[in-house]
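Reader: I am new to reading structures like this one. Could you take me through it and tell me what stands behind each term?

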Amino acid sequence: MIFLTVGTLFPFDRLVKAVDSGIGEGMVEEEVFAQIGRNGYEPKNMEYVESLDKKAFDEKVKKAVGLISHAGMGSIAMALDHNKPLLVMPRLKMYGEHVNDHQVGTAKKFEELGHILVAYTKEELPDKLQMLKHFVPKKRETQVEAVAERISDYLKQIKRA
Amino acid sequence: MAEKRMKICLAASSGGHLTQLLKVKDVWQGYEVFCVSSAAIVREKLERFGRTYIVNECNRKHPVKSLRVLFQCLSISVKERPSVVISTGAAPGILMCLTARLFSAKIVWLDSIANTERLSMSGRMVRPFAGLMLSQWPDVAAKYKDVEYAGAVI
């Protein structure tokens with residue numbers, strides 16, 4: 001099962017419609033389950049819900065062999081945490097999909113680092129869906145302790161002042 | 001020697017911003033803390049750190065809503081008078097920083113990892129008066145004289 005999620009804030013009809021028609025044209029062999037967002041476009045070729053509670057959502061992610069999503073950090077972090085291949089499509093300001101185009105930058109950066117696949121337009125979707133089958137995401141390294149230490153040092157500095 | 005008692009405000013929109021802020025929770029161990037976020041669903045998660053206030057979510061497309069959140073943050077700042085605000089944004093985060101600043105709070109800003117090419121809009125707004133500005137991308141930090149890179153939390 002491939003799990004398609006549009007995130008918690010708003011629907012993302014452009015992506016859901018593109019995947020839906022793709023399934024209709026035989027682009028995807030796997031079954032796809034979609035979380036479409038409140039008042040999102042209702043697909044004809046996949047099972048869907050508007051939203052899922054955290055537990056149900058986590059279960060879908062764990063069961064999925066691949067993920068499709070917008071390029072939100074929550075979705076990317078979730079895919080990395082569960083080590084699942086993720087294909088994203090960035091939301092664009094010009095379609096009213098987000099307040100600005102920062103998702104494009106996020107997508108480019110994480111694609112460069114080998115953590116995700118990106119379809120920037122719906123025309124790119126068929127090829128990228130094929131690639132999702134064999135994509136092995138690169139593991140992500142973080143520096144939580146170093147960041148915490150920097151902030152702690154600052155707090156010690158202002159305490160002394 | 002008596003140590004100055006610091007009260008820390010943790011301020012972040014629910015979702016990715018809050019997730020990133022909570023990664024560095026070791027920072028505020030042992031300090032008095034209160035939290036400000038924007039969705040009731042996170043209240044339980046935050047209450048183990050301290051008093052928790054939930055303000056409305058808002059963004060740049062809704063100035064009237066944002067004004068309402070500004071007043072909510074102002075009333076929290078007046079009541080609590082934090083010494084430090086630690087925030088990852090977004091709009092509720094910056095509004096808490098701005099109102100707390102009126103009472104001389106020091107600001108620590110950790111720009112969200114989603115801002116991969118330049119500092120977020122709220123980050124740019126807070127930069128003139130932040131005490132510590134961090135970006136999670138070295139090439140973004142390099143673009144600004146007073147923004148540091150210490151690493152990524154996600």
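**Strands, helices and a contact**

Author: Let's start with a pair: Leu86(A), in β5(A), is the bridge partner of Leu67(A). This is a predicted model, where local features need pLDDT of at least 70 and side-chain atom pairs count only at pLDDT 80 or more, while totals for chains, interfaces and linings use all residues. Residues are numbered from 1 along each chain as its sequence is written, and chains are lettered from A and ligands numbered from 1 in the order in which they are written.

Reader: What makes β4(A) and β5(A) a pair that run parallel?

Author: Two strands pair if DSSP finds at least two bridges between them. Here four bridges join β4(A), residues 66-70, to β5(A), residues 86-89, so the pair meets the cut-off of at least two. On another side of the story, β1(A), residues 2-5, is joined to β4(A) by four bridges, again parallel, with Phe3(A) opposite Leu67(A).

Reader: How do you know what counts as a strand or a helix?

Author: Both are DSSP runs numbered from the N terminus: helices are H or I over at least four residues, strands are E over at least two. By that rule chain A has six helices and six strands, in the order β-α-β-β-α-β-α-β-α-β-α-α from the N terminus on.

Reader: Which strands are called edge strands of chain A, and why?

Author: The six strands form an open sheet with parallel pairing, in the order β3-β2-β1-β4-β5-β6. β3(A) (47-49) and β6(A) (117-118) each pair on one side only, and that makes them the edges.

Reader: Why is the unit of β4(A), α3(A) and β5(A) called right-handed?

Author: Picture the strands pointing away from you: a crossover is right-handed if the path from the first strand over the helix to the second runs clockwise. β4(A), α3(A) and β5(A) make a β-α-β unit of this right-handed kind.

Reader: What makes β4(A) mostly covered?

Author: Five of its five residues are buried, and a residue is buried if 20 or more other C-beta atoms lie within 10 Å of its own, exposed if 12 or fewer, and partly exposed in between, with C-beta atoms placed from the backbone. Across the 161 residues of chain A, the buried share is 37%.

Reader: Why does Ala12(B) count as buried?

Author: Ala12(B) sits in β1(B), residues 7-12. It has 28 C-beta neighbours inside 10 Å, so it counts as buried. Leaving aside neighbours within four places in sequence, Ala12(B) has contacts that include His17(B), Ser37(B) and Gly93(B); two residues are in contact if their C-beta atoms, placed from the backbone, lie within 7 Å.

Reader: What is buried on both faces of β6(B)?

Author: Leu132(B) and Leu134(B) are buried on one side, Met133(B) and Ser135(B) on the other. β6(B) pairs with β5(B) in the parallel sense over three bridges, where Val108(B) has Leu132(B) as its partner. Three bridges also join β6(B) to β7(B) in parallel, and there Leu134(B) stands opposite Glu148(B).

Reader: Which residues are buried in α4(A), and what puts them on the same side?

Author: The buried ones are His102(A), Gln103(A), Thr106(A), Ala107(A), Lys109(A) and Phe110(A). They cover an arc of only 165 degrees around the axis, so they lie on the same side of α4(A); the arc is that of the directions from the helix axis to the C-beta atoms. An α-helix has 3.6 residues a turn, so residues three or four places apart point the same way. The buried residues of α4(A) pack against β4, α3, β5 and β6 of chain A.

Reader: How many residues does the contact take from chain A and from chain B?

Author: The contact takes 23 residues from chain A and 31 residues from chain B. α6(A) gives the most to chain A's side, with eleven residues. By class that side has eleven nonpolar, nine polar and three charged residues, where Ala, Val, Leu, Ile, Met, Phe, Trp, Tyr, Cys and Pro count as nonpolar, Asp, Glu, Lys and Arg as charged, and the others, Gly among them, as polar.
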